[in-house]
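Open the structure in your viewer and keep the selection tool handy.

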Amino acid sequence: LVFPTNLPFPLLLPKRDNNQVTMKIAASFLTLLASANAFSPNALPSTPLSSHASSTVLGMAADEPVSKRKRALKTLAKTAGVLSTVAFTTAGMPPAALAAKKAKEVVEVVDTAANTQKLLAAGAALVAGGAVLTKLTGGGAKEQNFLEAEPYWDQSNVPVNVYKNKAPFTGKVVSTKRIVGPQATGETCHIVIDHQGNFPYWEGQSWGVIPPGTREKDGKPHSVRLYSIASSRYGDDFTGNTGSLCVRRATYWCPELKADDPAKKGICSNFLCDTTAGDEVMMTGPAGKVMLMPEEDPKTDYIMVATGTGIAPFRGFVRRLFFESTPAAKAYQGQAWLFLGVANSDALLYDDEFQEAKSKFPDNFRLDYALSREQNNKKGGKMYIQD
C-alpha cells in the first residue's frame with residue numbers, strides 16, 4: 001500500500017502489541033485512509049459547486065459513469081463500516097447499527113454539490129472514528145503495563161512524597177459526583193483529578209490536599225489533609241493520567257440551631273465536594289507504604305474491612321485485580337474478601353463495581369455488607385462490621 005503523506009493529523013500506531021486483532025484493525029484503518037485520500041480534494045472551492053465540479057472534487061473525471069463512482073464509494077463504505085463497527089463496539093459505543101447507517105450514507109452520496117458536502121461530512125465522521133481507534137490501539141485496548149515495576153510486584157521504587165507542602169502539585173478536577181442515595185447519612189462524593197501522568201502513585205497510597213484560603217486563628221495557610229486514593233495507578237479511565245478520591249462532606253449539626261453550623265464544617269472535605277470540572281487542587285504526596293498490596297505471591301488472599309469512605313484504597317485493590325489487563329490481574333489466583341459497613345443501602349459505595357467483580361470472578365472475590373440501620377446481628381442489635 002502507498003499511504004497518503006498529506007494527512008491533516010498524525011498517524012499513530014502502537015510500538016508493540018501482540019494482539020493480532022488490534023493490528024488488523026490498524027491496517028484496515030490505514031487502508032481506509034488511503035482510500036479516503038483518493039476521494040478527497042486538496043482544496044475545496046469557496047463557491048457553490050455544479051454537478052460537473054462535484055465529480056472533479058471526488059477525484060474522478062466528469063464523464064466517468066455514475067456506476068463506477070458508486071462501486072468505488074461502496075468499497076470505501078464497506079471498509080468504513082467494518083472499521084467503525086469494531087472501533088465503536090470495542091469502545092463501548094453504539095455498535096454495528098451506527099456503522100452500517102454511516103456506510104449507507106456514504107454509498108448514497110454520488111452526484112450533486114450538496115451530496116458532495118455530505119460525503120466530506122461523512123469523511124470527517126470516519127476520521128473521528130479513526131481517533132477512537134488510535135486511542136484503542138495506543139491505550140485501553142492493549143495490555144496495561146506502562147506503569148508497572150519490573151517485575152510488577154517489586155516495591156523498591158514506590159514513589160513517596162514526590163511533592164511536598166512547600167512545592168505542591170497542581171491537579172485539575174475532571175468531575176465531582178455524589179455517589180450515595182437520598183436516604184444516605186451524609187453526602188459522599190467521587191472526585192476525579194487530572195495529573196497528566198506527572199503524579200504517579202500505587203494502590204494503597206494517599207494524596208495530601210491543601211485547601212485554599214487561610215486559617216482564621218492565625219492567618220496561615222491551611223494544613224494538608226490526607227485522603228486515601230480511591231483508584232488504581234491507572235486511574236478510572238485506565239490512562240494513568242488521573243486519580244480519584246472518595247470524600248464525605250464533613251458537617252456539624254448544632255443542637256441549639258437545629259441545623260448544620262457552617263462555622264464548624266470541614267474545610268477540606270467541603271472544598272473538595274464543592275469542586276467542579278476545571279478547578280485546581282493543590283496536592284502533596286503520594287504518602288505511605290504500609291497499605292501496598294503484597295503481590296509477589298499471586299495466591300495471596302486479601303481480607304479488606306472498611307466503613308464508609310474507608311473503602312477508598314480497597315476500591316483501588318479491586319480494580320487492579322479484577323478490572324484491568326495488568327500482569328498482576330492476569331497472575332492473580334487468590335481470593336479477595338471485602339467487608340463494607342455503612343448505615344443503609346443508600347449509603348453503599350461503588351456497589352455496582354463490586355457486584356460486577358463478584359459476578360465475573362465468583363471464585364476470587366467475595367463481598368459482604370453490614371447495614372447498621374437495616375440489618376440485625378445474632379443478638380438482635382444493629383449489624384456492624386465487627387459482627
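This is a predicted model: local features need pLDDT of at least 70, side-chain atom pairs count only at pLDDT 80 or more; totals for chains, interfaces and linings use all residues.

Residues are numbered from 1 along each chain as its sequence is written, and side-chain values use heavy atoms, leaving out hydrogens and water.

**Stop 1: a ring pair.** Select Tyr302 and Tyr332. Their ring centres are 5.8 Å apart and their planes meet at 40 degrees, so this pair is tilted (rings of Phe, Tyr and Trp, the last by its six-membered ring, pair if their centres lie within 6.5 Å; planes under 30 degrees apart are stacked, over 60 edge-to-face, the rest tilted). Tyr302 lies in strand E9 and Tyr332 in the loop between helix H8 and strand E10, so the pair ties together parts 30 residues apart in sequence. Both tyrosines, Tyr302 and Tyr332, are buried (under 20% relative accessible area, 1.4 Å probe, protein chains only).

**Stop 2: charges over rings.** Select Arg366 and Trp337: the charged end of Arg366 sits over the Trp337 ring, 3.6 Å from its centre (NZ of Lys or CZ of Arg within 6 Å of the ring centre and within 35 degrees of the ring normal). Arg233 lies over the face of Trp202, at 4.2 Å from the ring centre.

**Stop 3: Met304.** Which residues does Met304 touch, not counting residues up to four places away in sequence? Among them are Phe314, Val318, Leu338 and Phe365 (contact means heavy atoms within 4.5 Å).

Terms used: Helices (H or I, at least four residues) and strands (E, at least two) are DSSP runs, numbered from the N terminus. Buried means under 20% relative accessible area, exposed over 50%, partly exposed in between (1.4 Å probe, protein chains only).
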